[in-house]
Amino acid sequence: MSVPKQPLNQRVLKYVITFLIIAGSLWSASGLEITPERFLTAPSKVWILITAMFPLDLSQEAIDRIVPKVGESLFIAWAGTVIGAFFSFPIAFLAANNFSLNTFSRVTKQILNVIRAFPELILAFVLLPITGLGPLTGTLAVGIHSIGTLGKLSSEVIEGIDEGPLESIKSSGGSKLNELFFGVIPQVMPTITSYWLYRFEINLRASAVLGVVGAGGVGAELINQLRFRDFPRAGTVLVVTIVMVLIVDAISAAIRRRIIKGRDIKV
Amino acid sequence: MLTVVGYPFALFFSIFSFFQVGFNIDDFKRNWENRKLVTDTLFDPKWDWAIENASLALLETIQIAILASILGCFIALPLSFYASRATNQTTFTYVVYKSFLNFIRTIPDLFWAMLFTVAVGLGPFAGVLALVMFSLAIMGKLLSETIDSIDLGPLEAAKASGAKHTQAVFTSALPQILPNFTAYFLYIFELCIRASVILGLVGAGGVGRIIETQRIFLRFDRISPIIVLILIAVIAIEQFSVWLRRKIL
């Protein structure tokens, strides 16, 4: 018994993809002058760095410096997410094609795309001369970027709603505003809130690196300690950041699950 | 509980955060006069300079993203099978792989880049390693969750006809997730292109290096055309990946 052959175009596609992947990586590796030896020696070099970090610098002075910085990253991420949520919510209704005029929705979506295209770091250093060195710049950068991403996600949620409740409100004499408040918002709120929290988790990582350009947060601390070759303290920065991210992720994931699945009802 | 405690807490924490990050109208007004520093130069792009100096670095950025996303995703492929309940019955190894993937996901991409520049030296190789970790983390999470939800029937059928565990996974689980793998790969490739732009800010190669040197001198007239070039490249690559996704899936 022979196995039936795949259709010809699928087989060709498979070879083309394999070729693309191999050719792409070879072209990139040769362009970057990366040889296999570099990959083989990399783990030992990383190991040297890791061993240099331990034992961690847990002196009172180090903790007093690092923990507020990690906290600052947390506040930047939260405040940025609040800015993003606050502005993206109405914008999402403008961008949803079942709620706003067709041309209006298309224009708003394009604006959101452009906002989303700029990484937070680039926004941060463009804002830096205006808003000054410090967490405010980071907050605004994170906030502006979040408006783009949350606006897109929320508008997609609004576009995907069930029209039934709206119709029943309309048929019982409700106004357009009643439809919005009693038909749309209760439907979309759980998903949109969970997107806000999800964005907060992403923003937390983004705000941690913003310090590299001087926009506040723990990033500046890490890059300075690495530059001064103070590896134990750099290790402390890393560990504190990781612990904070893990805790926040766990809390946020638990709340998201609760929002989406609802309360457990015991029968 | 959530409504009684949650909403007031969220509100309180928001107000507290805004105080912490220093929303201060007076400072804002004072700094607002500095805006000319940015706006005068930002909208006066020096195209010739950017094309002459940044195109090679931009190519380097794209190469970093290609190599790193391919390596990261293909390293993640076997790991994900170990990090899923459906294909790994041994609790110990499952927990080890799952926590490993969760752990590398907590470190932001630029932190990886900083660490690797210290460990292996400045240059694009550090950037490649950073993005390998970045794509490994995302692919590991997405793929292991996909494997969790595969149809277990074929796996059981393969085992019933005498296949070893590895063989069963290869013949029955792998084909089920390959379409998802391809879709995730293209998505991660796009993320890597975006992430690789900023790697240069910490010395890990690519176009960010040029942005960093011009940024320090506030030469926004040179940065803005570079940003536009990056946007064009990113959008072109995204369009290509959308086209490829439609072609394959």
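Colleague: How many residues of chain B are in contact with how many residues of chain A?

Modeller: Contact means heavy atoms within 4.5 Å. Here 59 residues of chain B are in contact with 62 of chain A. Bear in mind that this is a predicted model, where local features need pLDDT of at least 70, side-chain atom pairs count only at pLDDT 80 or more, and totals for chains, interfaces and linings use all residues. Residues are numbered from 1 along each chain as its sequence is written, chains are lettered from A and ligands numbered from 1 in the order in which they are written, and side-chain values use heavy atoms, leaving out hydrogens and water.

Colleague: What area is buried between chain B and chain A?

Modeller: Buried area is the accessible area (1.4 Å probe) that two parts lose on being put together, summed over both. For this pair the value is about 5,500 Å², with 83% from carbon and sulfur atoms. B:V21, B:F111 and B:F125 supply 12% of the area that chain B buries against chain A, more than any other three residues.

Colleague: How many salt bridges does the rule find across the interface?

Modeller: The rule asks for a side-chain nitrogen of Lys or Arg within 4 Å of a carboxyl oxygen of Asp or Glu. Between chain B and chain A it finds zero salt bridges.

Colleague: Why is helix 5 of chain A described as largely enclosed?

Modeller: Buried means under 20% relative accessible area (1.4 Å probe, protein chains only), and helices are DSSP runs (H or I, at least four residues) numbered from the N terminus. In helix 5 (residues 120-131) of chain A, 12 of the 12 residues are buried, so the rest of the structure largely encloses it. Just after this helix, A:G132 takes a positive phi of about 85°.

Terms used
Buried means under 20% relative accessible area, exposed over 50%, partly exposed in between (1.4 Å probe, protein chains only). Helices (H or I, at least four residues) and strands (E, at least two) are DSSP runs, numbered from the N terminus.
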